[in-house]
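I opened this model to look up a few residues, ring pairs and helix contacts. My notes follow in the order I took them.

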Amino acid sequence: MFNLLRMDLYRIKRSQSVYVCFAILLSLTVLACWLVWLMETPQGRQSAVRLGMFSLEDLAEMNVEVDILQNMDILGMFRNIGMDGGLYCSTLGIVIALFVCMDFQGGFMKNIITSHQNRWHYVVSKLLTAGILNFLLIVLLFAFCLLMNLLFHMVPLTDWNNILFYMAWAWVISTAFASLVIAICIITRSVTMGILGAILFGSGIIVTLLSYVTSLFHLGQWTKYTLYYNMTYGPSSYSGTGDLQIFVIGFVFMALYTAIASFCLTKQDI
Amino acid sequence: MSESQKKYAVETMALTKKFKDKAAVNQLNMKVEEGAIYGFIGRNGAGKSTTLKMLCGLAGATSGEIRLYGKPLHTPYMSQRIGSLIESAGLYPNMSARQNMIMKAKCLGLTDNGANSPENTIDKLLSVTGLSNTGNKKAGFFSMGMKQRLGIALALLGNPDLLILDEPINGLDPEGIHEIRQLLLRLNEEGKTLIISSHILGELSRISTHYGIIKDGMLVEQISQENLEQKCKSYFQIEVDDTKHALPLITEHAPDIRTEVYDNHTLRLYDLKEGAWLNQLLVEHHIQVYSSGFHHMDLEEYFLNKMDGTAPAQNNANRTDTVLE
């Protein structure tokens with residue numbers, strides 16, 4: 001299995017889609033930081049007036065909103081830029097879908113399965129690769145946010161314990177989401193379905209729709225156990241053992257989707 | 001060599017693969033000796049690729065058993081003894097030939113081992129398959145022949161003992177076919193066992209040592225090259241008005257000659273050096289002779305005979321055993 005992992009890491013290092021998606025996430029971070037800077041800092045507001053984005057009167061009316069922004073710290077800003085809305089999960093899902101489906105599209109899967117008959121190895125290798133990529137992306141994006149904040153002095157720094165706590169569960173939840181995309185790709189072998197699944201599940205469209213339908217029957221409580229809900233509303237700081245539930249949810253989904261993917265792959269002919 | 005002394009690279013026991021209710025492969029008992037070049041022949045949809053996929057572990061069997069080198073297919077590390085090219089070359093289209101080879105080397109866990117480092121092996125295989133000069137060209141832009149060559153190079157990586165090649169010369173030009181033929185023969189000389197499926201029977205007959213003919217998922221016949229040659233050997237074919245009268249007459253005058261009733265009007269006589277006397281004999285006994293002459297069957301004709309179900313009904317006394325030897 002570690003041979004497969006080595007192979008996957010070699011390939012992902014050369015995968016253009018990883019760099020393209022990372023560049024998109026960085027660009028959005030720059031854009032968000034610039035907007036925060038314009039609204040949050042006195043220099044930014046003056047620049048916005050000079051650029052004609054709003055007048056001095058608008059600026060006076062914005063004071064309330066500015067107060068809201070002033071309650072935000074670096075972790076809050078990081079979450080708001082891409083993590084909470086599902087942008088990050090969708091982007092990660094798209095990269096994973098392109099990565100996994102390439103095995104089927106080119107037929108290299110035949111070489112892999114001939115050499116590694118235990119198909120669980122294939123799925124676990126993909127999951128580990130997704131986990132490693134996810135870790136690097138989260139750390140690099142947060143580091144970039146920190147760098148932007150250091151340059152423009154927008155929001156105060158969060159306590160490092162809270163940052164580490166958030167990063168840990170965000171990694172678990174987003175890796176569990178990646179395992180869902182892996183399962184979709186293995187079952188359908190379609191890059192279109194993989195990307196569609198990444199967008200629909202990652203952005204919470206499916207959960208929101210189902211939540212709306214089930215709430216009509218007063219059955220909406222299940223949503224708080226979904227990956228999307230936990231990614232969006234999960235705790236930013238550790239306040240007690242109850243907050244550890246999020247890890248359990250993440251690992252349960254990860255194991256479930258990995259088992260489904262492995263089972264389906266075992267039953268399929270290549 | 002007796003049956004019990006033979007070592008088999010591949011043995012299947014009642015191997016069956018069903019898609020819903022239809023059996024693509026039905027009770028297949030295949031035996032491939034170690035060191036053989038096994039030509040696997042059959043029409044489109046006969047079950048060749050499905051069988052080869054099952055041998056590689058790409059498709060699961062509905063029932064039956066596969067043994068490679070005497071051990072079950074799913075024995076640990078057994079799969080690493082197989083190199084395969086099934087249907088089309090499996091490759092990453094966005095990578096060069098070399099990068100595809102590196103991927104497979106990593107997949108197999110090939111490690112640096114002095115002169116036999118993966119890099120050296122990859123260079124050698126790319127050279128052998130004529131892909132040394134492809135540089136950074138992406139495999140997705142390769143011609144069909146180049147893709148096949150890369151598929152063969154990928155199959156050879158890891159120095160497998162058993163090579164399973166499904167239509168390996170598809171898309172190759174005559175020069176390429178010659179090169180691949182020489183390569184396969186060389187690999188066989190090195191002791192590798194090859195299972196090759198191809199529709200180009202002429203090409204297959206130039207290298208195969210054994211054949212397996214599959215029809216509607218069932219193995220119709222397994223035959224060695226020697227036995228095939230024996231069966232396809234020149235024969236004297238004579239068309240008469242009635243074989244019922246002609247056959248006893250011939251058997252009486254030439255008891256050592258192997259005879260075969262092909263149909264109601266046709267007789268085939270083997271080991272006959274010249275046929276003029278036979279014509280004369282039949283005419284003298286008032287048997288009408290419509291035509292006569294020497295024939296030689298090639299693999300294609302033999303295969304077509306098998307497929308059409310018009311395989312010769314041989315004289316029981318002189319019947320040749322068709323089981324693989």
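I began with B:M54, which sits in helix α1 (residues 48-56) of chain B. The model is predicted, so I read every value as computed from it. Is B:M54 buried or exposed? Its relative accessibility is 1%, so B:M54 counts as buried. I then listed what B:M54 touches, leaving out residues up to four places away in sequence. The list runs B:L15, B:T16, B:K17, B:V25, B:A59, B:G60, B:A61, B:I66 and B:L73. I checked B:L15 separately: it is 39 residues from B:M54 along the chain, and the two C-alpha atoms are 9.1 Å apart.

Next in chain B I took B:Q225, in helix α7 (residues 225-232). B:Q225 has a relative accessible area of 15%. The cut-off for buried is under 20%, so B:Q225 is buried. Setting aside neighbours within four places in sequence, I found B:Q225 in contact with B:S205, B:S208, B:T209, B:H210 and B:Y211.

I stayed in chain B for one charge over a ring. The charged end of B:R81 sits over the ring of B:Y69, at 3.9 Å from its centre. I found another such case in chain A, where A:R11 lies over the face of A:F99, 4.0 Å from the ring centre.

Then I turned to chain A as a whole. How many helices and strands does chain A have? I noted 14 helices and 0 strands. The C-alpha atoms of chain A fill a box of roughly 70 × 45 × 35 Å along the principal axes. Chain A has 270 residues, and 53% of them count as buried. I also looked at contacts in chain A with a separation of 6 or more: 80% of them join residues 24 or more positions apart.

I found both A:F165 and A:F247 buried.

A:Y229 and A:Y233 form a tilted pair, 4.9 Å centre to centre with 50° between the planes. Both are in helix α13 (residues 227-233) of chain A; being 4 residues apart, they are separated by about one helical turn. I noted A:Y229 as partly exposed, at 32% relative accessibility. A:Y233 is exposed, with a relative accessible area of 56%.

I also recorded one aromatic cluster, formed by A:F78, A:F142, A:W160, A:Y166 and A:W169.

My last entry is a helix contact in chain A. At what angle do the axes of helix α7 (residues 87-106) and helix α8 (residues 108-115) cross? I have roughly 95°, with the axes coming within 5 Å. That makes α7(A) roughly perpendicular to α8(A). From α7(A), A:D103, A:F104 and A:G106 make the contact; from α8(A), A:F108, A:M109 and A:I112 do. By class I count 4 nonpolar, 1 polar and 1 charged residues in this contact.

Definitions and conventions:
Residues numbered from 1 in each chain as written. Chains lettered and ligands numbered in written order. Predicted model: local features only at pLDDT ≥ 70, side-chain atom pairs only at ≥ 80, totals over all residues. Heavy atoms only, no water. Buried < 20%, exposed > 50% of the residue type's maximum accessible area, 1.4 Å probe, protein only. Phe/Tyr/Trp six-rings, centres within 6.5 Å; stacked < 30°, edge-to-face > 60°. Helix = DSSP H or I, 4+ residues; strand = E, 2+ residues; numbered from the N terminus. Lys NZ or Arg CZ within 6 Å of the ring centre and 35° of its normal. Axes fitted to C-alpha atoms, helices over the stretch in contact; angles between N-to-C directions. Parallel < 35°, antiparallel > 145°, perpendicular 65-115°, else oblique. Contact = heavy atoms within 4.5 Å. Nonpolar A, V, L, I, M, F, W, Y, C, P; charged D, E, K, R; others polar.
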